[in-house]
Amino acid sequence: MPSPIQPTRPQTAAEAVASLSKEEVLRYSRHLIMPEVGMDGQLKLKQAKVLLVGSGGLGAPLALYLAAAGVGRLGLVDFDRVDFTNLQRQVLFGTSDVGLPKLTAAKRRLTDLNPEIQIDTYETQLTSENALEILRPYDIVVDGTDNFPTRYLVNDASVLLGKPNVYGSIFRFEGQLSVFGLADGPCYRCLYPEPPPPGLVPSCAEGGVLGVLPGIVGSLQAMEVLKLILGSGNSMAGRLLLFDALAMSFRELKLRKNRECPLCGENRTIHQLIDYYQFCGVRGEEAPPPAVEVPEMTPVELRDRKSSGEKIFLVDVREPHEYQICNLDGYLIPLGDLPRRVQEIDASGTVVVHCRSGVRSAQAVDFLRKAGFSRVWNLKGGILAWSDEVDPSVPKY
Ligand code: ZN
């Protein structure tokens with residue numbers, strides 16, 4: 001058997017994959033000196049093909065650690081641009097990346113981290129039409145998504161193609177981890193046959209997430225990926241890890257394959273990808289919640305009417321901690337308190353209600369009109385629009 005160290009004559013492509021160059025030996029030396037990895041393990045990593053769906057909070061540590069560890073081919077699927085609010089947790093990106101497509105920034109950072117590996121980018125939304133084609137070349141699929149339609153899509157496509165799906169999810173202070181889709185193990189549908197009703201589980205954008213949490217859960221996913229490639233240890237297949245960051249506790253549930261599972265059970269009814277937005281009861285990732293039709297006032301109109309001397313009572317229906325971030329000097333009544341505090345509103349003039357983006361305040365205006373208020377308006381676009389159109393010194397969040 002030839003030495004796995006670089007031969008002196010020029011290598012063929014196949015030999016290059018099946019061996020490590022001098023630089024690679026140096027780069028991966030902390031792996032190579034571990035008997036559990038060694039040269040064999042590092043070559044397995046080099047030959048591995050892993051697809052990351054989503055390059056956000058979970059995708060950032062996943063991409064960084066898998067690239068650093070020498071996973072030979074990494075695929076990334078994402079269609080977002082780097083936003084200023086991403087930087088609090090998406091450590092793959094820097095301030096100078098804001099506004100760039102995430103995959104452009106990610107590829108640059110990962111290539112700098114490890115130029116030895118191949119990085120494939122798919123700047124598109126994963127859909128029922130393209131999922132099988134995108135997943136097919138890879139050995140392992142990693143779910144770093146933040147919405148239910150894509151999560152079910154990733155699960156179903158992995159099971160249909162017979163590929164392991166390393167699952168992680170986060171919310172506020174809590175995380176989950178498992179490995180789905182192994183031949184004898186359960187899938188995501190075995191655990192959650194039905195998606196939650198739309199709107200019941202808030203997204204990170206709505207509910208917030210503590211910055212380190214995706215770092216922890218994404219790193220746990222990366223560890224499961226490496227174990228699957230190396231074939232070492234006990235994978236999380238058949239187990240669900242529940243992480244509570246506030247309590248700093250890890251609990252574990254046993255998961256069984258559901259014999260009734262329509263995707264991987266005994267009498268399968270799902271043989272191809274379906275419409276996941278319909279399945280989850282949402283029209284599309286960006287689709288806003290059903291809007292209540294109420295009279296609206298634009299920020300510019302509000303400014304002009306106030307400065308013309310009109311008597312306006314401004315109600316802010318956000319939460320106290322949001323009021324602390326920024327406010328328009330409105331009278332604070334959180335939406336949930338409105339029914340019992342409605343008499344505090346001075347209805348002798350015009351009433352304008354606002355929140356962050358105009359969704360909660362539309363509900364409040366609807367409620368107030370039904371409660372008999374006749375001169376009540378919703379501030380269109382909320383405090384975000386006020387910042388854009390009237391006063392840029394008001395911070396957006
Ligand atoms: Zn199943």
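A crossing of two helices is called left-handed if the near helix is turned anticlockwise from the far one by less than a right angle, and right-handed if it is turned clockwise. The structure to which this applies is a predicted model, in which local features need pLDDT of at least 70 and side-chain atom pairs count only at pLDDT 80 or more, while totals for chains, interfaces and linings use all residues. Residues are numbered from 1 along each chain as its sequence is written, and side-chain values use heavy atoms, with hydrogens and water left out.

**Stop 1: α5 and α11**

Helices (H or I, at least four residues) and strands (E, at least two) are DSSP runs numbered from the N terminus. Select α5 together with helix α11, residues 212-230, and you will find that their axes come within 8 Å and cross at roughly 35°, axes being lines fitted to C-alpha atoms, for helices over the stretch in contact, and angles running from 0 to 180 degrees between N-to-C directions. The crossing in which α5 passes α11 is right-handed. To see the contact (heavy atoms within 4.5 Å), display Pro61, Leu62, Tyr65, Leu66 and Ala69 of α5, which meet residues of α11 including Pro214, Gly218, Ala222 and Leu226. Nine residues of this contact are nonpolar, four are polar and none is charged, where Ala, Val, Leu, Ile, Met, Phe, Trp, Tyr, Cys and Pro count as nonpolar, Asp, Glu, Lys and Arg as charged, and the others, Gly among them, as polar.

**Stop 2: α5 and α6**

On the α5 side the contact is made by Ala63, Leu64, Ala67 and Ala68, and on the α6 side by Arg109, Leu110 and Leu113. Six of the residues in this contact of α5 with α6 are nonpolar, one is charged and none is polar.

**Stop 3: the eight-stranded sheet**

Next select the open sheet of eight strands, whose order is β3-β2-β1-β4-β5-β6-β7-β8 and whose pairing is mixed; two strands pair if DSSP finds at least two bridges between them. Its edge strands are β3 and β8 (249-254), each of which pairs on one side only. Helix α5 lies across β1 (49-53), β2 and β4 (140-143), and runs at about 165° to β1. Strands β2 (residues 73-77) and β3 (residues 118-122) pair in the parallel sense over five bridges, and Arg73 can be found opposite Gln118 in β3. Further along, β5 (residues 165-171) and β6 (residues 174-180) pair in the antiparallel sense over seven bridges, with Val166 opposite Val179 in β6.

**Stop 4: the five-stranded sheet**

Finally, move to the open sheet of five strands in the order β9-β13-β12-β10-β11, where the pairing is parallel. Strands β12 (residues 350-354) and β13 (residues 376-379) share three bridges in the parallel sense, and Val353 stands opposite Asn378 in β13. In β13, Asn378 is also the bridge partner of Glu296.
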